[in-house]
Amino acid sequence: MKLTLVVACALIDADNRVLIAQRPEGKQLAGLWEFPGGKFEHGERPEEALIRELREELGIVTQEGCLAPLTFASHAYESFHLLMPLYICRRWEGTVTSKEGQALKWVRANKLRDYPMPPADIPLIPPLVDLLM
């Protein structure tokens, strides 16, 4: 089974809310909510990939020192196995803006389960609840 590496970020605002993004139509798992992030490009470290993805998806700039690893997900989908570290970030420059047509919401950690998410994202919720509630 193919191993797919992706990286995700729980952006946390001043009110301790977490940003989630809705996968747009036409993408696999469209309509589900997820933490921003994406695939590694060749030769990228996880932090570099995440900084690039946040800039491309949300129009914000952050630094490696502002990213803290929190947990990871390991999930077997039908055609591949996903390995996804989750970082938290509380500091960035710019205004969070949807750059790829995805809906965005700031949500309290204890309300994340109210949003349908891909199976790989669900195990990431309890560490966020423990951290923020």
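1. A disulfide here is a pair of cysteine sulfur atoms within 2.5 Å. Keep in mind that this is a predicted model. The sulfur of Cys9 lies 4.9 Å from the closest cysteine sulfur, that of Cys89, so this pair is too far apart for a bond. For Cys66, the closest cysteine sulfur is also in Cys89, at 5.6 Å, and that too is too far for a bond. The disulfide count by this rule comes to 0.

2. How buried are these cysteines? Cys9 is buried, with a relative accessible area of 0%. Cys66 also counts as buried, at 16% relative accessibility.

3. The largest pocket has a volume of about 640 Å³. Its lining is made up of 30 residues, and those closest to the centre are Val6, Arg23, Glu34, Gly38 and Lys39.

4. Which elements give two or more residues to that lining? They are β1 (2-11), β2 (17-22), β4 (37-39), α1 (46-58) and β6 (80-89). The largest share, 5 residues, comes from β1.

5. Now for a sheet. Three strands form an open sheet in the order β3-β2-β7, with antiparallel pairing. Its edge strands, β3 (33-34) and β7 (104-108), each pair on one side only. Between β2 and β3 the antiparallel pairing runs over 2 bridges. Ala21 stands opposite Glu34 in β3, and Glu34 is also among the residues closest to the centre of the largest pocket.

Key
Residues are numbered from 1 along each chain as its sequence is written. This is a predicted model: local features need pLDDT of at least 70, side-chain atom pairs count only at pLDDT 80 or more; totals for chains, interfaces and linings use all residues. Side-chain values use heavy atoms; hydrogens and water are left out. On a 1 Å grid over the protein atoms alone, a cavity is a set of points where a 1.4 Å probe fits but cannot get out, and a pocket is an open set with protein on both sides within 12 Å along at least five of seven lines; lining residues have an atom within 4 Å of a point. Grid points are joined across faces, edges and corners, and a volume is the space filled by probe spheres set on the points. Helices (H or I, at least four residues) and strands (E, at least two) are DSSP runs, numbered from the N terminus. Two strands pair if DSSP finds at least two bridges between them. Buried means under 20% relative accessible area, exposed over 50%, partly exposed in between (1.4 Å probe, protein chains only).
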